[in-house]
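Hi,

Here is the structure I promised to pass on. Please have a look, and my notes follow below.

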Amino acid sequence: MSTVIPLRKLQVGQKARIQTVMAHGELGRRIRDMGLIPGAEVEVTGRAPLQDPVALRLTGFTLSLRNNEADYITVEVL
Amino acid sequence: MSKKITIALAGNPNSGKTTAFNAITGARQHVGNYPGITVDKKEGTAVVDGQTVHVIDLPGTYSLSAYTMEEVVARNVIADERPDMVVDVLNAGALERNLYLAVQLMEMGAPLTLALNMMDEAKKQGMRIDVQKLQSLLGIPVVETVARVGEGMDNLMRTAVEHAREKAGKPWEPLIISYGSDLDPVLDEMVALISKEQFLTDRYPARWVALKYLENDEEMLRIGKPFGAVATELETRAREVSEHLEATLKTYPEAVIADYRYGYISSLLRQGVVSRLNDLENRLATSDKMDQVLTHRMLGPMIMLGLLFLIYQITFTIGEVPMGWLESFFGWLNETVSEAMPDGLLKSLVVSGIIDGVGGVMGFVPLIMFMFLQIAFLEDSGYMARVAYMLDRVFRFFGLHGCSVMPFIVSGGIAGGCAVPGVMAARTLRSPKEKLATLLTAPFMACGAKLPVFLLIVGVFFAENQALVMFLLTLAGWASALLVSKLLRSTIIKGEPTPFVMELPPYRVPTFRGLLIHTWERTWQYIKKAGTVILAISILLWLAMTFPQLSDEQMAPFEARQAEIAALIEAAGGTDVPAADEAAAATEAGAEVSGEEQAEEAGVLVAENEAAVSEVDMEALEEELTEIENAMSEAGLRNSVAGRVGIALEPVTKWAGFEWRTNIALVGGFAAKEVIVSTLGTAYSLGEVDAEEAQPLAERIANDPHWTHANAVSLLLFVLLYAPCFVTVVAIKQEAGSWGWAIFSTVFNTAFAMVVAVAVYQIGSL
């Protein structure tokens with residue numbers, strides 16, 4: 001059984017599948033427009049020098065988002 | 001063919017849309033701004049099979065919601081200009097997300113052709129796309145392209161034009177997607193109502209309007225408001241269903257709509273359209289490896305600083321050469337015109353007012369071009385996004401966004417930039433508040449125009465540590481920008497930070513053509529704005545420094561003395577140097593007192609020197625003649641509007657250690673900071689002094705007892721921080737959308753600079 005954790009907790013190199021996206025309004029829309037939607041597979045490929053923001057790999061492209069924005073997203077570790 | 005066909009180019013940022021636009025239109029394109037907003041408006045023409053095609057490059061967007069200006073523009077252009085065909089350029093490697101925009105375009109009903117761009121890279125990633133299948137499933141033409149090398153572009157245009165002809169005259173057919181059992185019934189009801197009332201149906205399909213109401217789309221709500229009852233009814237429906245979803249599923253319509261759109265896309269792609277062989281080496285893996293070094297905890301920031309330093313170096317080493325050419329050209333122009341025109345006001349206006357004023361600004365064009373070229377390189381290569389990524393955490397602390405880095409750097413974060421393009425670069429910021437904070441603080445940077453002033457003052461007072469002081473000034477610019485931004489963001493422009501959900505595009509080698517186009521666009525904007533405004537301002541400034549002129553009475557003593565010396569030169573032959581020195585010293589002392597007293601002084605000098613006529617040598621006499629001319633022009637300046645303003649400001653500026661001549665220069669510096677040095681030169685009665693030949697002025701300042709280290713430092717900081725130059729203020733007005741903020745930046749920055757300068761001077765003078 002895999003565990004569901006907030007995206008923030010995901011380690012560099014770990015892969016996961018997005019479970020929920022709780023963000024409303026502008027942030028919510030931005031997150032979805034960029035393809036961060038339930039079911040999408042993500043991998044943390046790096047963190048900025050001050051550990052924030054984080055770089056996320058999705059199929060075919062890389063995104064960055066801040067830790068406090070990642071808090072709106074829960075993932076299932078693969 | 002008969003009618004001109006209009007094609008709009010849509011697509012995600014980083015999908016190669018701009019490259020495609022450049023490839024399609026070649027040199028036949030022009031850039032402007034959409035009226036009232038700062039989003040680029042690019043248009044061009046192409047000829048396809050003898051048919052002239054008008055191509056509109058829509059701003060790059062991920063979606064057609066209305067959160068960003070780009071999205072609003074893209075949507076409005078499609079709705080209002082009704083292009084014959086919309087070509088959506090997709091990054092084939094990220095097909096699923098890129099189709100999200102395509103689906104929304106289809107829901108709008110726009111006639112659509114898809115360009116599967118970057119097919120070469122997608123193939124390298126081990127991706128196989130069944131184009132035929134995708135085409136038949138979507139019911140629209142799909143063309144494979146590689147815009148970077150121009151592959152498939154002809155085919156794309158031919159297909160688009162052909163498809164446009166087929167669709168010509170037929171009504172738009174919006175795509176209808178099911179949004180599930182919760183939304184579909186409500187949507188149907190709303191559609192019925194919208195159709196019945198003809199609510200906005202001349203612009204958008206009914207279902208699209210209904211969807212936008214469910215999505216709580218601000219722009220649509222705003223447009224709908226004036227229609228009254230219908231709008232209210234739709235809003236009520238949307239709210240009801242929203243509350244229902246919240247209560248039953250803990251979700252909301254926007255999320256459901258997005259999920260169904262993506263669901264529609266993945267159901268399409270699952271029907272054998274895409275297959276991936278994941279074990280293949282791909283470009284993203286290469287990008288990842290580069291990122292491990294380029295955004296490394298320790299190495300990343302070091303490499304970044306190194307690169308920024310390199311840009312500075314390259315700009316100045318290479319840019320200096322054409323800058324020299326331009327300077328010689330304006331020097332030559334100045335001389336030629338001076339010789340060709342008779343002495344008088346008109347000549348003074350043309351030479352000092354127009355040629356020198358405009359020349360001073362145009363001289364910076366090569367530097368700006370080289371800097372833009374390199375910044376375009378960093379942007380197009382994907383590195384700039386990494387800079388924003390690395391610095392976001394720091395910038396957020398000060399109420400800014402990672403993307404504020406760019407405007408700061410361009411403005412002179414690496415000393416030598418220019419705030420005009422810097423302020424224009426702030427348009428990449430999405431949040432109005434962070435953008436405003438960036439706009440207002442970017443002018444604190446050590447821009448290229450401030451450098452001559454710094455070089456002059458630092459050269460005189462800190463000759464030992466020039467480089468260090470210059471470096472500290474650059475840092476002072478950054479520190480002020482960050483601290484003031486923190487202050488503004490926690491007081492008058494409060495607000496939440498904007499999300500940093502941003503794409504980190506894979507590293508790629510920019511195309512030469514793309515770089516040239518980018519560089520030229522920005523440089524031209526600079527030339528145009530700077531050229532027109534600076535021209536006007538330098539004429540005004542010339543007027544202020546020339547009028548009112550001295551009356552004949554005021555001129556008389558100087559002229560009399562000049563005539564006498566001229567006569568003496570003819571007659572003289574002696575070698576008594578001390579007497580001449582004494583005379584020079586007396587004239588200098590005269591400069592300290594007011595105009596009238598000085599005139600008397602000149603008279604006294606005449607008397608004194610008459611006794612020593614025979615002993616004074618030719619050289620000293622000529623020197624004296626220059627001194628008198630200087631004294632005369634100083635008296636003239638003192639009498640002019642600018643001089644009076646300078647004197648009037650003294651009660652305030654004396655606290656910072658500035659006297660009237662400095663004040664004139666600083667007031668002139670509001671037009672353009674380059675003017676400060678030349679105005680100081682004029683004010684110190686030395687006529688034409690430009691940045692390159694600042695030596696005599698430097699000596700003059702060095703010998704002037706009025707100048708101390710304390711007021712040198714206070715002047716340096718004041719110049720760094722006070723009101724942005726006029727061109728920048730105009731740019732701020734344009735980007736911020738109102739004169740209010742432009743005026744604010746002028747007043748606030750000057751007040752801030754004054755406080756700092758006074759504090760430094762007072763502490764320094766203790």
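Let me begin with B:Arg396, which touches A:Asp52, A:Arg66, A:Asn68 and B:Pro497, leaving aside residues up to four places away in sequence; contact here means heavy atoms within 4.5 Å. B:Arg396 sits in helix α16 (residues 383–397) of chain B and is buried, at a relative accessible area of 14%. Buried means under 20% relative accessible area, exposed over 50% and partly exposed in between, with a 1.4 Å probe and protein chains only.

A word on conventions: this is a predicted model, where local features need pLDDT of at least 70 and side-chain atom pairs count only at pLDDT 80 or more, while totals for chains, interfaces and linings use all residues. Residues are numbered from 1 along each chain as its sequence is written, chains are lettered from A and ligands numbered from 1 in the order written, and side-chain values use heavy atoms, without hydrogens and water.

Next, the cysteines. Searching the whole structure gives 0 disulfides over all chains (a disulfide being a pair of cysteine sulfur atoms within 2.5 Å).

Best wishes

Definitions and conventions. Helix = DSSP H or I, 4+ residues; strand = E, 2+ residues; numbered from the N terminus.
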